[in-house]
Amino acid sequence: MTALTSTALTVLIVEDDFHMQLGCVQALQLAGLSVEAVDSAEAAIPLITPGYTGIVVTDMRLPRADGLSLVRHCHALDPDLPVIMITGHGDVTLAVEAMRSGAYDFIPKPFSPEILIEVVRRAMEKRSLTLEVATLRRVLARREGIDGKLIGRSPQIQRVRRLVMEVADSPVDVLIQGETGTGKEVVARALHDFSGRRESSYVALNCGGVPDTLLDSELFGHEAGAFTGAQKRRIGKIEYANGGTLFLDELETMPMGMQIKLLRVLQEREIERLGSNLSLPVDVRVVAATKEDLLLRAQQGGFRADLYYRLNVVTIELPPLRERREDIPVLLEHFMLLATSRFNRPPPQVTTEQMHRLMAHHWPGNVRELRNVADCLVLGVRKDILGPGPASEPAGASADEGLSLSDSVDSFERSLIAAELRRQDGNIARTAKELRVPKTTLNDKIRKYRLQGE
């Protein structure tokens, strides 16, 4: 992961006693820290701005406004800004009050330079992490539009983005096909968010997660008394999504009888609640997702062919991650940014060996599996496919040392393809089969890396 550049943190000393101030400044400077000093809270306040790149060390006893008022000011301005309080002997009550008011820590006088340096370093580590996480959150916030939802640079994901934008604002129903974990719901959400229906409801239902006996009521709702236990009217998912988008995941698990009712909804745009004879018009766009070949299921009698052809007006096919390996680095970075923000942890360093392992992994769980790996990296949790961590990689061991992450990945991918081409005597079809990528994708990469094949 690319390290974020940041300004060195500063320690602001607020102390009116010249000798005490000088002693603190010199001790911290000798420890290699950047320090500035003022002699009053009034002089400190203009220097402390939102997102201040440093920490504050203040004496409790100051000439006008005291240190406690400065603690409260800092806490109101930025609750995550560490303020360390220096207290005199016997000021324990004031120190407790300072901690309640938001102080990070307190140091009672007299204290040694080592104590001051230790507390300051801990506070600076906390501040550094806080600022880094804030920066990462701003980076995530800037990832707008379709590029921020469907992340990647591969030709496959670029085609998906173009198709999503082409059909998002049309009223046509959409079928999304892809293996588990490829991001079908992300695509469904993008179709909603970039459509004219974005202000209305987006309703998701996993057809495989609802018992067959309850799916009818879940989709269509029911009237009071429609069946045992139906004590009051219930609005179903289709009606609730009126004006918006209904996402049906794992469509292949829907029972045949329910498929007939769904087909009628798609054709007539009307529903009837269970226990009612009244037809209700609905304006809903249906986006369905499946991990199976529904045409094959229909030919085998496991899915209604008429429903398949009704949904198959627009089909978005999501490629598995193993067929767009060049997206792994940018996806990993994105997921680590999310995890860093969510877990309030520093961004980890990914070794060249670890990236090689990730690029070579088969990814049966696809993007979802990669996101789990990113979470493990940020949390420092051991994951077998990552191999040894940074501590076990000797300095200078990597052949790609000095290259950027993107260049390292390209170098590895090129060598992987070249080696397989040699093993297959330059036969592209057999190479594509062994690398588990489409032949067209392999041809694109051969041209990109100027490799020879037949």
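1. A quick definition to start: a residue is called buried here when its relative accessible area is under 20%. With that in hand, the buried residues of helix 8 are Lys 184, Val 187, Ala 188, Ala 190, Leu 191, His 192 and Asp 193. Helix 8 is thus mostly covered, with 7 of its 10 residues buried. Please keep in mind while reading that this is a predicted model.

2. Now for the overall picture. The protein has 19 helices and 14 strands. It runs to 454 residues, of which 48% count as buried. Among contacts with a separation of 6 or more, 72% join residues 24 or more positions apart.

3. Back to helix 8 and its partner. Helix 7 (residues 155-167) packs against helix 8 (residues 184-193) at an angle of about 35°, and their axes are 9 Å apart. The crossing is right-handed. Helix 7 brings Val 160, Val 164 and Val 167 to the contact, while helix 8 brings Val 187, Ala 190 and Leu 191. By class, that gives 6 nonpolar residues, with no polar and no charged ones.

4. Which residues touch the most other members of the largest nonpolar core? They are Leu 219, Ile 238, Leu 246, Leu 248, Leu 251, Met 254 and Leu 311, in a core of 30 residues. Strand 7 (202-206), helix 9 (212-220), strand 10 (245-249), helix 11 (256-268), strand 13 (285-290) and helix 13 (305-311) each give two or more residues to this core. Helix 11 supplies the largest share, 5 residues.

5. Beyond its neighbours within four places in sequence, Leu 246 is in contact with Val 203, Leu 219, Lys 237, Ile 238, Ala 241, Val 284, Arg 285, Val 286 and Val 287. Apart from this core lies another, of 21 residues, which includes Leu 331, Phe 335, Leu 358 and Val 367.

6. The axes of helix 14 (residues 328-343) and helix 16 (residues 366-379) come within 8 Å and cross at roughly 50°. This angle makes helix 14 oblique to helix 16. Their crossing is right-handed. On the helix 14 side, the residues in contact include Leu 331, Phe 335 and Met 336, and on the helix 16 side they include Val 367, Leu 370 and Arg 371. The contact has 14 nonpolar, 1 polar and 3 charged residues.

7. Leaving aside neighbours within four places in sequence, its contacts are Gly 178, Glu 179, Thr 180, Lys 184, Glu 250 and Glu 252. Lys 291 and Leu 318 are 27 residues apart in sequence, and their C-alpha atoms are 9.8 Å apart in space.

8. Arg 322 sits in the loop between strand 14 (314-317) and helix 14. Arg 322 is buried, because its relative accessible area is 13%. With neighbours within four places in sequence left aside, Arg 322 is in contact with Glu 179, His 362, Trp 363, Asn 366, Arg 436 and Val 437. Glu 179 is also one of the contacts of Lys 291.

Technical notes:
Residues are numbered from 1 along each chain as its sequence is written. This is a predicted model: local features need pLDDT of at least 70, side-chain atom pairs count only at pLDDT 80 or more; totals for chains, interfaces and linings use all residues. Side-chain values use heavy atoms; hydrogens and water are left out. A nonpolar core is a set of buried Ala, Val, Leu, Ile, Met, Phe, Trp, Tyr and Cys residues joined through side-chain atoms within 4.5 Å. Buried means under 20% relative accessible area, exposed over 50%, partly exposed in between (1.4 Å probe, protein chains only). Helices (H or I, at least four residues) and strands (E, at least two) are DSSP runs, numbered from the N terminus. Contact means heavy atoms within 4.5 Å. Axes are lines fitted to C-alpha atoms, for helices over the stretch in contact, and angles run from 0 to 180 degrees between N-to-C directions. Angles under 35 degrees count as roughly parallel, over 145 as roughly antiparallel, 65 to 115 as roughly perpendicular and the rest as oblique. A crossing is left-handed if the near helix is turned anticlockwise from the far one by less than a right angle, and right-handed if clockwise. Ala, Val, Leu, Ile, Met, Phe, Trp, Tyr, Cys and Pro count as nonpolar, Asp, Glu, Lys and Arg as charged, and the others, Gly among them, as polar.
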